[in-house]
Amino acid sequence: MKEINIFYNALETLPVLASKIKAKQKKIMGYLCSYAPEELIYAAGFHPMRLFSSKSDIVQAEQHLQAYCCSLVRGVLEDSLSGRLDFLDGTVFPHTCDSMQRLSDIWRMNGKYEFFADVILPAKLNTQSARSYMKDVLTGFKKSLEKAAGKEITDTDLKDSIKKFNLIRKNLSKIYALQSKKPGIIKGSDLYTIVKGSMVMDRDEVADILPVIVGNLEKIDLPQKDIKRIVISGSICDSPDIYSAMESAGGVIVGDDLCTGQRWFEGQTPVDENPMDAIATRLLDRVICPAKHLSPTARGENLVSLAKKNRADGVIFMLLKFCDPHAFDYPYLKEFLEKEGIKTLLIEMDDQQQSSGQLATRFETFIHMI
(Lines give C-alpha, C1' and ligand atoms only; values in the text may rest on other atoms or scores of the structure.)
Protein backbone atom coordinates (compact mmCIF):
# COMPACT_ATOMS: atom_id res chain seq x y z
CA MET A 1 0.00 0.00 0.00
CA LYS A 2 1.65 3.22 -1.18
CA GLU A 3 0.26 5.25 1.73
CA ILE A 4 2.02 2.98 4.23
CA ASN A 5 5.26 3.34 2.28
CA ILE A 6 5.14 7.06 3.05
CA PHE A 7 5.56 6.20 6.74
CA TYR A 8 8.45 3.83 5.97
CA ASN A 9 10.21 6.47 3.88
CA ALA A 10 9.76 9.12 6.57
CA LEU A 11 11.35 6.92 9.24
CA GLU A 12 14.37 5.87 7.21
CA THR A 13 16.41 8.92 8.19
CA LEU A 14 15.19 11.38 10.80
CA PRO A 15 17.46 14.24 9.63
CA VAL A 16 15.83 14.18 6.17
CA LEU A 17 12.38 14.19 7.75
CA ALA A 18 13.44 17.01 10.06
CA SER A 19 14.75 19.12 7.19
CA LYS A 20 11.42 18.79 5.38
CA ILE A 21 9.58 19.94 8.49
CA LYS A 22 11.93 22.88 8.99
CA ALA A 23 11.42 23.85 5.36
CA LYS A 24 7.82 24.60 6.38
CA GLN A 25 9.15 27.12 8.92
CA LYS A 26 8.40 24.88 11.88
CA LYS A 27 10.69 24.35 14.85
CA ILE A 28 10.94 20.80 16.19
CA MET A 29 10.22 20.01 19.83
CA GLY A 30 11.31 16.55 20.89
CA TYR A 31 9.46 14.75 23.67
CA LEU A 32 10.01 11.49 25.52
CA CYS A 33 6.68 10.44 26.96
CA SER A 34 3.10 9.94 25.77
CA TYR A 35 1.97 12.38 28.49
CA ALA A 36 3.57 15.27 26.59
CA PRO A 37 0.79 17.80 25.75
CA GLU A 38 1.24 17.63 21.98
CA GLU A 39 -1.81 19.78 21.26
CA LEU A 40 -0.15 22.70 23.05
CA ILE A 41 3.14 22.24 21.19
CA TYR A 42 1.35 22.07 17.84
CA ALA A 43 -0.90 25.05 18.66
CA ALA A 44 2.20 27.14 19.35
CA GLY A 45 3.35 26.53 15.79
CA PHE A 46 5.98 23.93 16.69
CA HIS A 47 6.30 20.32 15.54
CA PRO A 48 6.09 17.69 18.32
CA MET A 49 8.41 14.72 17.66
CA ARG A 50 8.61 11.62 19.84
CA LEU A 51 12.24 10.66 20.46
CA PHE A 52 13.44 7.08 20.11
CA SER A 53 16.91 5.64 20.50
CA SER A 54 18.84 5.14 17.28
CA LYS A 55 20.16 1.92 18.87
CA SER A 56 23.77 3.07 18.38
CA ASP A 57 26.52 1.90 20.71
CA ILE A 58 26.50 3.71 24.06
CA VAL A 59 29.77 5.61 24.44
CA GLN A 60 29.36 9.24 25.51
CA ALA A 61 26.23 8.61 27.58
CA GLU A 62 28.20 6.25 29.83
CA GLN A 63 29.83 9.32 31.38
CA HIS A 64 26.44 10.58 32.58
CA LEU A 65 24.16 7.60 33.19
CA GLN A 66 24.67 4.31 34.97
CA ALA A 67 24.58 1.10 32.96
CA TYR A 68 21.42 0.06 34.82
CA CYS A 69 19.37 2.89 33.29
CA CYS A 70 17.06 1.65 30.55
CA SER A 71 18.30 1.55 26.97
CA LEU A 72 15.79 4.19 25.83
CA VAL A 73 17.13 6.84 28.21
CA ARG A 74 20.76 5.96 27.55
CA GLY A 75 20.22 5.70 23.80
CA VAL A 76 18.45 9.05 23.42
CA LEU A 77 21.15 10.80 25.47
CA GLU A 78 23.81 9.16 23.30
CA ASP A 79 22.07 10.45 20.17
CA SER A 80 21.96 13.96 21.62
CA LEU A 81 25.60 14.04 22.73
CA SER A 82 26.79 12.60 19.42
CA GLY A 83 24.92 15.23 17.39
CA ARG A 84 22.33 12.94 15.84
CA LEU A 85 19.58 15.14 17.30
CA ASP A 86 21.03 18.50 16.28
CA PHE A 87 17.88 19.17 14.24
CA LEU A 88 15.94 19.65 17.49
CA ASP A 89 15.04 23.18 18.56
CA GLY A 90 13.85 22.12 21.99
CA THR A 91 12.86 19.26 24.24
CA VAL A 92 9.92 18.59 26.54
CA PHE A 93 10.26 16.28 29.54
CA PRO A 94 7.10 15.06 31.27
CA HIS A 95 8.47 13.59 34.50
CA THR A 96 7.71 9.90 34.88
CA CYS A 97 10.35 7.44 36.09
CA ASP A 98 13.56 8.21 38.02
CA SER A 99 15.74 7.62 34.95
CA MET A 100 13.73 10.06 32.86
CA GLN A 101 13.99 12.69 35.57
CA ARG A 102 17.76 12.25 35.75
CA LEU A 103 17.94 12.46 31.95
CA SER A 104 16.03 15.74 32.18
CA ASP A 105 18.63 17.16 34.58
CA ILE A 106 21.55 16.00 32.44
CA TRP A 107 19.88 17.29 29.28
CA ARG A 108 19.32 20.71 30.82
CA MET A 109 22.90 21.03 32.07
CA ASN A 110 24.46 19.80 28.83
CA GLY A 111 21.79 21.19 26.55
CA LYS A 112 22.47 22.83 23.23
CA TYR A 113 18.86 23.42 22.22
CA GLU A 114 16.93 26.69 22.36
CA PHE A 115 13.96 25.44 24.35
CA PHE A 116 13.72 23.19 27.39
CA ALA A 117 10.70 22.42 29.55
CA ASP A 118 9.99 20.09 32.45
CA VAL A 119 6.27 19.32 32.48
CA ILE A 120 5.79 17.79 35.92
CA LEU A 121 2.28 16.37 35.78
CA PRO A 122 0.62 14.86 38.87
CA ALA A 123 1.28 11.19 39.60
CA LYS A 124 -1.99 10.70 41.48
CA LEU A 125 -4.88 11.48 39.15
CA ASN A 126 -8.04 10.65 41.11
CA THR A 127 -8.45 13.77 43.25
CA GLN A 128 -9.81 17.26 42.64
CA SER A 129 -6.46 18.73 43.68
CA ALA A 130 -4.80 16.67 40.95
CA ARG A 131 -7.13 18.23 38.38
CA SER A 132 -6.32 21.72 39.63
CA TYR A 133 -2.60 20.97 39.63
CA MET A 134 -2.77 19.48 36.13
CA LYS A 135 -4.39 22.66 34.79
CA ASP A 136 -1.78 24.84 36.53
CA VAL A 137 1.09 22.85 35.03
CA LEU A 138 -0.42 23.01 31.54
CA THR A 139 -1.01 26.76 31.88
CA GLY A 140 2.63 27.26 32.86
CA PHE A 141 3.76 25.14 29.91
CA LYS A 142 1.54 27.17 27.59
CA LYS A 143 3.20 30.40 28.79
CA SER A 144 6.66 28.92 28.16
CA LEU A 145 5.65 27.95 24.63
CA GLU A 146 4.18 31.39 23.98
CA LYS A 147 7.44 33.02 25.05
CA ALA A 148 9.43 30.70 22.79
CA ALA A 149 7.08 31.24 19.86
CA GLY A 150 6.82 34.99 20.40
CA LYS A 151 3.05 34.88 20.08
CA GLU A 152 -0.10 34.12 22.04
CA ILE A 153 -1.65 30.67 21.77
CA THR A 154 -5.33 31.49 21.23
CA ASP A 155 -8.35 29.30 21.97
CA THR A 156 -8.84 29.03 18.21
CA ASP A 157 -5.27 27.68 17.85
CA LEU A 158 -5.95 25.14 20.59
CA LYS A 159 -9.31 24.03 19.18
CA ASP A 160 -7.81 23.53 15.72
CA SER A 161 -4.97 21.53 17.27
CA ILE A 162 -7.37 19.40 19.31
CA LYS A 163 -9.39 18.59 16.18
CA LYS A 164 -6.23 17.58 14.35
CA PHE A 165 -5.02 15.21 17.06
CA ASN A 166 -8.50 13.81 17.64
CA LEU A 167 -8.65 12.93 13.95
CA ILE A 168 -5.29 11.17 14.12
CA ARG A 169 -6.25 9.24 17.25
CA LYS A 170 -9.63 8.30 15.81
CA ASN A 171 -8.12 6.80 12.66
CA LEU A 172 -5.35 4.95 14.50
CA SER A 173 -8.06 3.45 16.72
CA LYS A 174 -9.97 2.40 13.59
CA ILE A 175 -6.88 0.65 12.20
CA TYR A 176 -6.42 -1.26 15.47
CA ALA A 177 -10.13 -2.14 15.52
CA LEU A 178 -9.89 -3.54 11.98
CA GLN A 179 -6.82 -5.57 12.94
CA SER A 180 -8.73 -7.00 15.91
CA LYS A 181 -11.82 -7.75 13.81
CA LYS A 182 -9.83 -9.30 10.96
CA PRO A 183 -6.44 -10.42 12.39
CA GLY A 184 -3.73 -10.13 9.76
CA ILE A 185 -5.51 -7.49 7.70
CA ILE A 186 -2.33 -5.46 8.11
CA LYS A 187 1.20 -6.72 8.78
CA GLY A 188 2.48 -6.08 12.28
CA SER A 189 5.53 -4.27 10.95
CA ASP A 190 3.24 -1.97 8.95
CA LEU A 191 1.12 -1.28 12.03
CA TYR A 192 4.26 -0.47 14.04
CA THR A 193 5.53 1.82 11.28
CA ILE A 194 2.24 3.72 11.03
CA VAL A 195 2.09 4.37 14.77
CA LYS A 196 5.75 5.39 15.05
CA GLY A 197 5.48 7.53 11.93
CA SER A 198 2.42 9.26 13.36
CA MET A 199 4.52 10.30 16.35
CA VAL A 200 7.29 11.92 14.34
CA MET A 201 5.89 13.02 10.96
CA ASP A 202 4.15 16.29 10.10
CA ARG A 203 0.74 15.91 11.75
CA ASP A 204 -1.03 17.61 8.84
CA GLU A 205 0.31 14.92 6.51
CA VAL A 206 -0.53 12.15 8.99
CA ALA A 207 -4.10 13.43 9.38
CA ASP A 208 -4.54 13.31 5.58
CA ILE A 209 -3.02 9.84 5.04
CA LEU A 210 -4.58 7.82 7.87
CA PRO A 211 -8.20 8.04 6.61
CA VAL A 212 -7.03 6.73 3.23
CA ILE A 213 -5.34 3.75 4.90
CA VAL A 214 -8.49 3.07 6.92
CA GLY A 215 -10.60 3.20 3.76
CA ASN A 216 -8.27 0.79 1.94
CA LEU A 217 -8.23 -1.67 4.85
CA GLU A 218 -12.03 -1.63 5.11
CA LYS A 219 -12.23 -2.89 1.52
CA ILE A 220 -10.08 -5.96 2.21
CA ASP A 221 -11.96 -9.23 2.59
CA LEU A 222 -9.62 -11.45 4.58
CA PRO A 223 -10.31 -15.18 4.98
CA GLN A 224 -10.22 -16.41 8.58
CA LYS A 225 -7.04 -18.24 9.56
CA ASP A 226 -6.13 -20.43 12.51
CA ILE A 227 -3.94 -17.94 14.34
CA LYS A 228 -3.41 -16.98 17.95
CA ARG A 229 -4.53 -13.52 19.01
CA ILE A 230 -1.91 -11.70 21.07
CA VAL A 231 -1.95 -8.49 23.13
CA ILE A 232 1.40 -6.96 24.08
CA SER A 233 2.06 -4.82 27.13
CA GLY A 234 4.98 -2.64 28.18
CA SER A 235 6.46 0.80 27.67
CA ILE A 236 7.83 1.01 24.11
CA CYS A 237 8.19 -1.65 21.45
CA ASP A 238 10.56 -0.06 18.97
CA SER A 239 11.34 -2.93 16.64
CA PRO A 240 9.35 -4.19 13.64
CA ASP A 241 11.25 -7.51 13.91
CA ILE A 242 9.21 -8.37 17.00
CA TYR A 243 5.97 -8.18 15.02
CA SER A 244 7.42 -10.21 12.17
CA ALA A 245 8.74 -12.89 14.54
CA MET A 246 5.34 -13.09 16.19
CA GLU A 247 3.59 -13.63 12.85
CA SER A 248 6.14 -16.24 11.77
CA ALA A 249 5.37 -18.13 14.99
CA GLY A 250 1.65 -18.15 14.17
CA GLY A 251 0.41 -15.22 16.22
CA VAL A 252 -1.04 -11.83 15.39
CA ILE A 253 -0.96 -8.77 17.63
CA VAL A 254 -4.55 -7.55 17.91
CA GLY A 255 -4.04 -4.89 20.59
CA ASP A 256 -1.47 -3.39 22.88
CA ASP A 257 -0.91 -1.59 26.17
CA LEU A 258 2.10 0.47 25.08
CA CYS A 259 3.03 4.13 25.47
CA THR A 260 4.02 3.94 21.80
CA GLY A 261 0.73 2.30 20.94
CA GLN A 262 -2.84 2.47 22.16
CA ARG A 263 -1.99 4.27 25.40
CA TRP A 264 -0.64 7.13 23.28
CA PHE A 265 -3.65 7.60 21.03
CA GLU A 266 -6.43 6.22 23.24
CA GLY A 267 -9.25 8.63 24.08
CA GLN A 268 -10.52 11.81 22.46
CA THR A 269 -9.97 15.33 23.80
CA PRO A 270 -13.38 16.91 24.49
CA VAL A 271 -14.28 19.56 21.91
CA ASP A 272 -17.12 21.18 23.87
CA GLU A 273 -15.01 22.38 26.82
CA ASN A 274 -12.56 25.19 27.37
CA PRO A 275 -9.59 23.86 25.33
CA MET A 276 -7.09 23.97 28.21
CA ASP A 277 -9.56 22.16 30.46
CA ALA A 278 -10.20 19.65 27.67
CA ILE A 279 -6.51 18.81 27.27
CA ALA A 280 -6.22 18.36 31.04
CA THR A 281 -9.31 16.12 31.03
CA ARG A 282 -7.88 13.70 28.50
CA LEU A 283 -4.53 13.46 30.29
CA LEU A 284 -6.33 12.75 33.54
CA ASP A 285 -8.84 10.25 32.16
CA ARG A 286 -6.78 8.28 29.63
CA VAL A 287 -5.50 4.76 30.34
CA ILE A 288 -2.65 5.15 32.81
CA CYS A 289 0.93 3.89 32.76
CA PRO A 290 2.83 2.60 35.84
CA ALA A 291 4.05 6.13 36.59
CA LYS A 292 0.47 7.31 37.28
CA HIS A 293 -2.10 6.27 39.89
CA LEU A 294 -5.89 6.03 39.63
CA SER A 295 -6.52 3.06 41.91
CA PRO A 296 -4.51 0.06 43.16
CA THR A 297 -6.12 -2.17 40.54
CA ALA A 298 -6.65 0.20 37.57
CA ARG A 299 -3.77 -1.16 35.48
CA GLY A 300 -4.76 -4.78 36.01
CA GLU A 301 -8.42 -4.15 35.28
CA ASN A 302 -7.56 -2.28 32.08
CA LEU A 303 -5.23 -4.99 30.79
CA VAL A 304 -7.76 -7.75 31.47
CA SER A 305 -10.46 -5.66 29.75
CA LEU A 306 -8.16 -5.06 26.76
CA ALA A 307 -7.39 -8.77 26.46
CA LYS A 308 -11.05 -9.78 26.67
CA LYS A 309 -12.20 -7.06 24.26
CA ASN A 310 -9.73 -8.33 21.66
CA ARG A 311 -10.42 -12.01 22.49
CA ALA A 312 -6.72 -12.50 23.16
CA ASP A 313 -5.32 -16.01 23.52
CA GLY A 314 -2.34 -14.63 25.40
CA VAL A 315 -0.58 -11.49 26.61
CA ILE A 316 3.13 -10.90 26.08
CA PHE A 317 4.92 -8.44 28.34
CA MET A 318 7.64 -6.67 26.32
CA LEU A 319 9.61 -4.88 29.05
CA LEU A 320 12.75 -2.81 28.63
CA LYS A 321 15.54 -4.03 30.87
CA PHE A 322 15.93 -1.88 34.00
CA CYS A 323 12.49 -0.26 33.53
CA ASP A 324 11.53 -0.25 37.21
CA PRO A 325 7.91 1.05 36.93
CA HIS A 326 6.88 -1.70 34.53
CA ALA A 327 8.92 -4.34 36.37
CA PHE A 328 7.14 -3.47 39.62
CA ASP A 329 3.75 -3.73 37.89
CA TYR A 330 4.45 -7.04 36.17
CA PRO A 331 3.76 -9.54 39.02
CA TYR A 332 0.33 -8.16 39.84
CA LEU A 333 -0.65 -7.74 36.17
CA LYS A 334 0.36 -11.35 35.52
CA GLU A 335 -1.77 -12.45 38.49
CA PHE A 336 -4.79 -10.49 37.19
CA LEU A 337 -4.52 -12.16 33.78
CA GLU A 338 -3.94 -15.66 35.08
CA LYS A 339 -7.01 -15.41 37.32
CA GLU A 340 -8.96 -14.95 34.09
CA GLY A 341 -7.25 -17.91 32.46
CA ILE A 342 -5.15 -15.75 30.10
CA LYS A 343 -1.65 -17.09 29.44
CA THR A 344 1.30 -14.70 29.70
CA LEU A 345 4.93 -14.49 28.59
CA LEU A 346 7.63 -12.10 29.79
CA ILE A 347 10.27 -10.83 27.34
CA GLU A 348 13.00 -8.44 28.48
CA MET A 349 14.35 -6.23 25.70
CA ASP A 350 17.31 -3.94 25.20
CA ASP A 351 17.45 -1.48 22.29
CA GLN A 352 21.16 -2.09 21.85
CA GLN A 353 21.10 -5.89 22.24
CA GLN A 354 18.44 -8.12 20.73
CA SER A 355 18.68 -11.78 19.79
CA SER A 356 16.15 -12.38 17.02
CA GLY A 357 16.76 -16.14 17.04
CA GLN A 358 16.09 -16.51 20.75
CA LEU A 359 13.05 -14.25 20.46
CA ALA A 360 11.57 -16.35 17.65
CA THR A 361 12.06 -19.54 19.66
CA ARG A 362 10.30 -18.12 22.71
CA PHE A 363 7.40 -16.85 20.59
CA GLU A 364 7.01 -20.25 18.91
CA THR A 365 7.02 -22.00 22.28
CA PHE A 366 4.41 -19.61 23.69
CA ILE A 367 2.15 -19.90 20.65
CA HIS A 368 2.37 -23.70 20.88
CA MET A 369 1.55 -23.56 24.60
CA ILE A 370 -1.62 -21.52 24.14
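The paragraphs below take up these topics in turn.

This is a predicted model, in which local features need pLDDT of at least 70 and side-chain atom pairs count only at pLDDT 80 or more, while totals for chains, interfaces and linings use all residues. Residues are numbered from 1 along each chain as its sequence is written, and side-chain values use heavy atoms, with hydrogens and water left out.

Rolling a probe the size of a water molecule over the atoms shows where empty space is left. A cavity is here a set of points, on a 1 Å grid over the protein atoms alone, where a 1.4 Å probe fits but cannot get out, and its lining residues have an atom within 4 Å of a point. Grid points are joined across faces, edges and corners, and a volume is the space filled by probe spheres set on the points. On these terms the structure holds six cavities of 30 Å³ or more, and the largest cavity contains about 270 Å³ of space. Its lining is made up of 21 residues, and those nearest the centre of the largest cavity are Thr96, Cys97, Ser235, Cys259 and His326. Sorted by class, this lining has 15 nonpolar, four polar and two charged residues, where Ala, Val, Leu, Ile, Met, Phe, Trp, Tyr, Cys and Pro count as nonpolar, Asp, Glu, Lys and Arg as charged, and the others, Gly among them, as polar.

Helices (H or I, at least four residues) and strands (E, at least two) are DSSP runs, numbered from the N terminus. Helix 13 covers residues 298–309, and because 12 residues at 1.5 Å a residue should span 16 Å, the 16 Å between its end C-alpha atoms agrees with expectation; the expected span is 1.5 Å times one less than the number of residues. Buried means under 20% relative accessible area, exposed over 50%, and partly exposed in between (1.4 Å probe, protein chains only). The buried residues of helix 13 are Ala298, Arg299, Gly300, Leu303, Val304, Leu306 and Ala307, and what covers them includes strand 5 (228–234), strand 6 (251–257) and helix 14 (324–339). After helix 13 comes Arg311, which has a positive phi near 50°.

Two loop residues have a positive phi without being glycine. Lys55, with phi near 70°, sits in the loop between strand 2 (47–50) and helix 4 (71–81) and is partly exposed at 30% relative accessibility. Phe322, with phi of about 70°, is placed in the loop between strand 7 and helix 14 and is partly exposed at 43%.

Arg286, in the loop between helix 12 (275–285) and helix 13, is buried at 2% relative accessibility. Its C-alpha lies 6.1 Å from that of Gly267, at a separation of 19 residues in sequence. Leaving aside neighbours within four places in sequence, Arg286 is in contact (heavy atoms within 4.5 Å) with Ser34, Tyr35, Arg263 and Glu266.

Conventions:
On a 1 Å grid over the protein atoms alone, a cavity is a set of points where a 1.4 Å probe fits but cannot get out, and a pocket is an open set with protein on both sides within 12 Å along at least five of seven lines; lining residues have an atom within 4 Å of a point.
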